[in-house]
Amino acid sequence: MTQRSGTERAFLDLSARAKLRVTGGDRFRFLNGQITNDLRKTSETAAIEACVLNAKGKLNAHIFIAAVGESFLVDAEPELRETLRARLERYVIADDVQIEDVTDEFSLFHVFAEEPPAPRLGRIVSARRFSASGWDIWTDSARRDAVRDELASAHLFIDSRAADVMRIEQGLPRWGRELTDEIIPIEADLEQRTIDYQKGCYIGQEVISRIKMSGQINKRLCGLISLNNTPLQPGMKLVAPSASGKEVGWLTSTTRSQRQEIALGYVKRGFNNPATNLNALSPDAAIPVEVVSLPFL
């Protein structure tokens with residue numbers, strides 16, 4: 001399987017994402033103590049990807065952060081709008097930090113292109129939201145239609161359904177599917193993208209560091225292919241044919257890509273090596289699937 005191409009000069013409308021603005025004299029120290037990545041990597045022109053964890057190292061949120069003047073802009077999936085702000089504010093004790101919901105104040109677009117979009121469109125920030133680097137455009141919500149129309153005149157619009165197919169093909173986890181409050185970032189293959197092991201302390205760091213030292217996790221995110229091309233469904237249980245039907249995982253996202261039925265799912269240790277054959281259970285039959293490397297090759 002080859003990865004989907006043709007995203008050159010294409011764009012997505014991410015305006016529905018939750019957006020928070022973090023300000024105050026202690027904003028850097030505070031926010032850096034809440035995220036898995038190093039906030040020093042972000043700037044006025046480059047965003048970083050990070051996770052917010054609880055004390056047990058499990059996910060509270062998956063976010064992107066950009067620096068804007070005397071503030072940081074944080075964006076996340078829409079369903080995290082209320083919970084992310086509450087989670088961050090819980091740790092504001094005597095800090096000079098203000099966290100404001102600015103979801104309705106800004107529109108957000110992401111553009112796939114080698115060169116950055118024109119500055120007149122809004123604030124341009126480099127961000128790696130998919131397998132290749134792209135550009136975020138932050139603009140006033142009142143200009144959303146105008147910016148979208150100008151982008152559409154020179155770029156292909158990728159709707160949410162097509163974006164989800166591309167995400168699955170690239171093996172990227174999404175909140176509410178692969179990412180929940182029961183998942184540790186390393187299990188979701190987010191280590192390279194979101195974790196900096198050289199930075200200072202943050203909530204959940206002890207657990208992440210312990211897993212790094214041991215080199216072992218109980219399960220990990222895998223790609224799977226339906227061997228008989230039977231459609232797959234999220235929530236299907238995975239069992240090992242050679243272990244008397246032992247349950248070893250579950251599917252989280254499924255789609256049809258280039259005439260093949262593919263899926264993302266979590267598979268337990270000992271059963272998640274590439275080329276391992278498993279069965280995905282449906283009400284009618286056991287569908288043979290094969291574990292493959294991510295992204296799909």
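Me: How many bridges join β11 to strand β16, and how do the two run?
Reply: Four bridges join β11 to β16 (residues 286-292), and the two strands run antiparallel. This is a predicted model, in which local features need pLDDT of at least 70 and side-chain atom pairs count only at pLDDT 80 or more, while totals for chains, interfaces and linings use all residues. Residues are numbered from 1 along each chain as its sequence is written, and side-chain values use heavy atoms, with hydrogens and water left out. Strands (E, at least two residues) and helices (H or I, at least four) are DSSP runs, numbered from the N terminus. Two strands pair if DSSP finds at least two bridges between them.

Me: Which residue in β16 is the bridge partner of Gly223?
Reply: Val292 is the partner of Gly223.

Me: In what order do the six strands close into a barrel?
Reply: The order is β11-β14-β13-β12-β15-β16, with antiparallel pairing.

Me: Changing topic: is Glu178 buried or exposed?
Reply: Glu178 is buried, with a relative accessible area of 1%. Buried means under 20%, exposed over 50%, and partly exposed in between (1.4 Å probe, protein chains only).

Me: And where is the place of Glu178?
Reply: Glu178 lies in the loop between α4 (160-169) and α5 (191-194).

Me: What does Asn218 touch, leaving aside residues up to four places away in sequence?
Reply: Asn218 touches Lys268 and Arg269, where contact means heavy atoms within 4.5 Å. Asn218 is exposed, at 55% relative accessible area, and is found in the loop between α6 (205-214) and β11 (219-226).
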